Structure formats: C-alpha cells, structure tokens
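Please look through the sequence and the structure below, and then follow the explanation with both at hand.

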Amino acid sequence: MSAPDQKKILWLPPALTGAALVALWYAAIAIFKIPGYVLPAPQAVIAAAWRERASLGHAMLHTGETALLGFAAAAAGGAAVALVLASSRWVKAALYPWVLVLQMVPVVVMIPIFVIWWGAGRPSITAIAFIIAFFPVAASTTLGLVSTDRGMLDLFTVLQASKAQEIFLLRLPSALPYFLAGVKIAATLAPIGAITGEFLAGTNPETLGYLLIVYRADPGKMPEVFAVALASYFLGLLFVGVVQWLSWRLLRDWHESERGAE
C-alpha cells in the first residue's frame with residue numbers, strides 16, 4: 001500500500017468515531033427526550049455558532065492572544081528551569097519538589113492571588129495560562145536532559161568538550177523530542193487556562209470566557225454555550241496543530257517519532 005493510501009486510511013478511524021459520537025448524541029436526545037435547554041442538538045449548536053460567528057471570532061482572537069502569551073512564557077520558562085534542574089543532581093533534589101508544589105496548587109486558589117497582585121484582566125489571565133502550561137514543559141525537558149546517552153557523554157568527556165559544548169551540542173539536541181512533547185501538552189492546556197481565567201477574572205467582553213458567562217446566564221442560550229465550547233476546541237486545535245507541524249519540521253529527518261510522517 002502506498003504512503004498516500006495509508007494517510008487516507010489513518011483519517012478513517014477518527015472520522016468514524018466522530019460520526020458515531022454524533023449519532024449517539026442524537027440518539028440520547030431522542031431516547032431520553034432531553035430538552036434543548038439541557039442538551040441542544042448538533043444542528044442547533046452549528047446554527048448558534050453561525051449566528052454568533054462575529055462575536056465568537058473576535059473572542060477567539062482575544063483569548064488566543066492571551067493563551068499565546070501564557071504558552072510562550074511556559075515554553076521558555078519551562079526550558080530554562082529544566083536546564084537549571086538538570087545541571088546538578090543536588091540542584092534537582094533541592095528544587096524539583098517545589099516545582100511539583102507549584103503544579104499541585106489548584107488554579108482556583110491562585111486566581112484570587114493573581115487578581116490581588118495584578119488586578120482583573122489580561123495580566124492575571126496570562127499568569128493562569130502560564131501556571132497551567134508550565135509544568136509539562138519543565139518536567140518533560142528535565143527528563144530529556146538527564147536521559148542523555150551515557151556513551152555519548154563519555155565520548156564528550158574523552159574529547160575534553162567544555163560544559164557549554166556538552167549542553168548545546170549533546171544534551172539539548174537529545175532532549176528536543178522531550179521538550180516538544182511537553183510543549184504539545186502545554187499547547188492544549190494554555191487555551192484552557194486562558195478561558196478559565198477569563199471566566200473567573202476577566203473584564204474584556206470580547207473573550208470566550210466572558211461570552212460563556214453571558215450565554216450561561218440565559219437558559220435559552222444553551223446552544224450558544226456549546227458554540228463557545230466548539231470555538232474553544234478549534235482554538236486548542238490551532239495551537240496543537242502549529243506545535244505538531246513544528247515538531248515534524250524539527251524531528252522528521254532524525255527522530256523515530258516523526259520519521260515516516262511525511
């Protein structure tokens with residue numbers, strides 16, 4: 001079977017699964033007689049998304065900007081912290097538990113603190129997106145940096161390579177797949193963090209989180225609530241798609257995770 005045929009087949013299982021889920025959606029409404037203000041039909045959600053396309057489009061843009069800021073900060077900050085943690089066994093033992101503590105604190109506890117520090121609005125929301133997306137990058141990159149092939153490390157030692165050469169020519173390239181794996185997870189979490197922050201600490205009416213508040217207040221707007229969820233899905237899909245493309249570009253020529261994906 002040729003590569004193009006294989007790619008076509010790869011699309012078939014998720015397409016069939018999606019069709020089955022939509023069929024179950026319709027079946028649940030028909031069998032249990034669920035009213036539209038509880039679970040709207042798919043066509044009602046699509047119609048609501050079309051009616052509100054202008055508002056949803058602007059909201060996706062503003063929410064995406066905030067999510068991108070938090071995501072970029074998480075990617076850069078996570079990589080920097082990973083370099084520090086991987087620099088020494090003692091440094092990792094001293095600092096890594098505190099990184100875990102930061103991740104384990106519930107976001108709903110941090111939101112009031114951020115609002116007190118920076119006020120309601122984009123700075124606090126960006127911080128929420130950063131907190132949610134930071135840990136996967138830091139954890140994955142740290143694992144990659146400390147998992148460098150021992151034989152290659154010994155070779156660099158024999159060749160009397162400097163510490164900087166070891167880091168930039170060996171450890172960082174070998175950790176790149178781990179870093180990108182963490183970034184992929186962060187790409188799914190940053191939009192969630194941004195929308196959560198907008199819902200709980202937002203002031204801009206042109207955001208997905210704020211629209212969710214407005215639509216939720218009206219029982220007749222349940223299709224619009226689902227339309228916001230649909231817009232959120234497409235925003236997350238955009239983030240993940242860009243990161244996946246970047247991962248493919250960087251790894252396709254040498255790493256098994258992306259070889260043969262063309």
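The side chains of Lys-163 and Glu-166 meet in a salt bridge, with 3.5 Å from N to O; a salt bridge here is a side-chain nitrogen of Lys or Arg within 4 Å of a carboxyl oxygen of Asp or Glu. Because Lys-163 and Glu-166 are three residues apart in helix H8, about one helical turn separates them; helices are DSSP runs (H or I, at least four residues), numbered from the N terminus.

This is a predicted model, in which local features need pLDDT of at least 70 and side-chain atom pairs count only at pLDDT 80 or more, while totals for chains, interfaces and linings use all residues. Residues are numbered from 1 along each chain as its sequence is written, and side-chain values use heavy atoms, leaving out hydrogens and water.

Glu-166 also forms a salt bridge with Arg-171, where the closest N and O atoms are 2.8 Å apart, and in this way Lys-163, Glu-166 and Arg-171 are linked in a network. Glu-166 is buried, with a relative accessible area of 13%, and Arg-171 is buried as well, at 16%, where buried means under 20% relative accessible area, exposed over 50%, and partly exposed in between (1.4 Å probe, protein chains only).

A search of the whole structure finds four salt bridges. One of them joins Glu-224 to Arg-51, with the closest N and O atoms 2.7 Å apart; since Glu-224 lies in helix H10 (residues 222-251) and Arg-51 in helix H2 (residues 42-51), the pair ties together parts that are 173 residues apart in sequence. Glu-224 is buried, with a relative accessible area of 3%.

Note on methods. Helices (H or I, at least four residues) and strands (E, at least two) are DSSP runs, numbered from the N terminus.
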